[in-house]
Amino acid sequence: MTGNNSKVRSLALTAMLVLSVFAGTMAFAGTAAATTHSASDGDDTLSNGGTYFQGEQLFISNSTQNSSGNQNLDSSDTTYEVRTNDDDETLSSAGSVGDNGNILLDTSALDKGKYFIEDQDNNKIASFEIVEQDLSASFDDDSVVNSDTDTNATTLTLKSPKRPSYKVNVSADDLSWEDLQDVFGSAVTDTYKDDDIVTISGSTSEDVNAQFGSIDAGTYNFTFNVVDTEASSEASITVDKAGDKTATFVNEESTPRGDIANITINLDNTDTAYVQIGSFADSNFQSNLNVTDSDDDGQVVLNLNTFNTNNASVNYVTEGDGTKITGRNSSVLSSEPLASGNYDLAVSTTGWETQSDNNGMDVAKSPSDKTQLRISDRSTDSISTWIQPQSVDTHDDVADMTDTVTQRSTVAGSDNVVLKVDATGIYGAIDNSDLESQQNMSLTLEETGDNVEKNTEADTLSASDFTIVPDGDNGTFYAVISADELADADGADGYGDWKATFTVDENYVLNGDDEDQSVSTTFTYEEQDTSLNGGEDFQAPKGNSTVSGKTNLAPGTELSVVADSNIFYIPQDVTVNDDGTFSAKYNFDRDDVDNGTEFSVYVSSDEDNTKIGGVVNADMNDGTTTTTTTTSSTTTTTTSSTDTTTTSSTDTTTSTTSSSETTTSSTSTSTSSNDDGQPGFGVAVSVVALLAAALLALRREN
């Protein structure tokens, strides 16, 4: 490699330097032996004004013009000087001039600083700057495990803030070049087998994947040397021995026939496993799967759609979160979906083996765990009515339902009607599809009782009008519809009684009773009814006050209760409680509010039906206590307290206490309120200079 060869060659060239000493200056000249220099000999080509790293070999072409700018370097000129830019112009260099006039400058002898090159006629050839390269190397983890899981991997970070691109030679005690290649993989760009060194690339900040799955346990000290500079760094890491590979099933619960069975497996010291579901020899059904833990959480999850086990056009076992299926071999049932009963489960960490009496299906080799998958009969159980605030308009998952619904047989305004259906054995059928497309299932909503207009058919809604949210793990699905849809279906207001029915038809392949299975529920749709303070006007103190209200809207509904006058507009956001109540708090202790100020309070979404009047009464003290004490021969003490609470029944309680005593001395009044408120040469260079001078003298004698 160029960098390493240059460093070896520079040592030989340094010993062959022809140096002249003139009044304290040092120069480099042509070599005693015929030598040519080319750009490939250098780590970089020197350009005027450039910045280079200490240790680099810099190539200077004989086509470079001198300071006059009109002629190239004189190939007969074999002596050049490298000067520093400081006042005393100390000279320093180590380099050689080839017989073709090209120059190769070794910057290892140069301290960091600014330099320029002169020919023997004092023409400046080029100026340049030498800087030191900094390098740091570190592993993200102090230790790794030599297993085949991702716990064997870490990240090596190389940082050299001043240099965006460079090569690094890597070595480590007790590790061969093959070991190093295993550790750094595709990041390796070159290998030096005799020296047990590999080369990788670096940058200002370079992350390199390092894997130690094939490395013996122990602590390893790595050395990182930049190829063309003096920069280096070290980093250590400990490799721990992995434990035995194991794979075990999490306790499996019974899954109704036609639903989706979740099969979860815990992995230790491995990322891969071989899972066998069923046994063809025992149940004429089997699925073999190679699986990988793709998110490194130590688990794989498989979803077995028991309804699709007789469908050759689909994969009835799919990947759960953080799982990758890398191979499969599954049998397909010829008629009905997977029957009820128990099915063997086995998992191995070593692979598969052939079993002659299993219809050509391999079995898990030396299983680390076995259990059984239990498939039970399906059922259609119940349906119930729940309500949900109108503002809940997304239903992406089950949490949207369970966190926002309340069970109630009445629904009001524009709230959502939520039908909770408890039924099993249907979720494999509706997986990646919808309830509406199922020919053997139906969900209907029909007006009933007095809600049906005379001489007309009852208005109905079907599954296509609902948003279906399945919760197969719990044998439940939710059907959501806005109450406004009821009014649209009715053609009027839609108020009255409605009946919801879910039916699994007798022809459904998993219905063992050969008859329809239905469940029903009824609920009443009524007009929104919201009131404040029982509909009564009220007086408020010049301070804190509370206005209470009640509504038939769904708990969790957010309302804005406004206190409004020609002086102020104060909206307060409130939330409806489980019992339908809510309260808004105000503070009328404001400079712009006078005693007797009249205002109104209303729910902004239902102003006409909820507006009540109010007036500020400064005589109603909001928890303020005033004490006046006079002392002479007589002492007078007066204590006054007034508490006011306004509720939906508009009860007002006022209490006042006073006492008086008089003496003669002094008077004090207190009021309390509860408002919320180096360049140079070393010895080595000198020795080289003396050697070079001797060689030159010998040549001249000859």
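Predicted model: local features only at pLDDT ≥ 70, side-chain atom pairs only at ≥ 80, totals over all residues.
Phenylalanine 588 and phenylalanine 599 are both buried.

Some totals for orientation. The protein has 702 residues, and 44% of them are buried. Its secondary structure amounts to 8 helices and 52 strands. The accessible surface is about 33,900 Å², with 40% of that belonging to carbon and sulfur atoms.

Now the aromatic rings. Searching the whole structure gives 17 aromatic pairs. One of them is phenylalanine 477 with phenylalanine 502, an edge-to-face pair with 5.2 Å centre to centre and 70° between the planes. This pair links distant parts of the chain: phenylalanine 477 belongs to strand 39, residues 476–482, and phenylalanine 502 to strand 40, residues 496–504, with the two 25 residues apart. Are these rings buried or exposed? Phenylalanine 477 counts as buried because its relative accessibility is 1%. Phenylalanine 502 has a relative accessible area of 0%, so it is buried as well.

Back to the opening pair. Phenylalanine 588 and phenylalanine 599 form a tilted pair, 4.8 Å centre to centre and 35° between the planes. This pair also links distant parts of the chain, at 11 residues apart. Phenylalanine 588 is in the loop between strand 47 (581–587) and strand 48 (598–603), while phenylalanine 599 is in strand 48.

There is also a cluster joined by ring pairs. Its members are Phe139, Phe184, Phe212, Phe222 and Phe224.

Next, the charges. How many salt bridges does a search of the whole structure find? The count is 8. Take arginine 163 and glutamate 56, whose closest N and O atoms are 3.4 Å apart. The two residues are 107 residues apart, and their bridge links distant parts of the chain. Arginine 163 is in the loop between strand 13 (153–159) and strand 14 (166–172). Glutamate 56 is in the loop between strand 4 (50–53) and strand 5 (57–60). With a relative accessible area of 8%, arginine 163 is buried. Glutamate 56, at 3% relative accessibility, counts as buried too.

A second bridge joins the side chains of aspartate 422 and lysine 420, at 3.1 Å from N to O. Aspartate 422 has a relative accessible area of 18%, and lysine 420 has a relative accessibility of 18%. Why do they count as buried? Buried means under 20% relative accessible area, so aspartate 422 at 18% is in that class, and so is lysine 420 at 18%.

Aspartate 592 is partly exposed, with a relative accessible area of 34%. Arginine 590 counts as partly exposed at 29% relative accessibility.

Last, the surface. Asp434, Glu436, Asp465, Asp484, Glu485 and Asp488 gather there in a patch of negative charge. Within this patch, I picked out glutamate 436. Glutamate 436 is placed in the loop between helix 5 (427–430) and strand 36 (441–448). At 52% relative accessibility, it counts as exposed, because the class requires over 50%.

Conventions: Residues numbered from 1 in each chain as written. Heavy atoms only, no water. Patch = residues over 30% accessible without salt bridge, like charges linked within 9 Å, V, L, I, M, F, W, Y side chains within 5 Å. Areas by Shrake-Rupley, 256 points an atom, 1.4 Å probe, with all protein chains shown as cover. Salt bridge = Lys/Arg side-chain N within 4 Å of Asp/Glu carboxyl O. Lys, Arg positive; Asp, Glu negative; His and termini not counted. Charge placed at Lys NZ, Arg CZ, Asp CG, Glu CD. Helix = DSSP H or I, 4+ residues; strand = E, 2+ residues; numbered from the N terminus. Buried < 20%, exposed > 50% of the residue type's maximum accessible area, 1.4 Å probe, protein only. Phe/Tyr/Trp six-rings, centres within 6.5 Å; stacked < 30°, edge-to-face > 60°.
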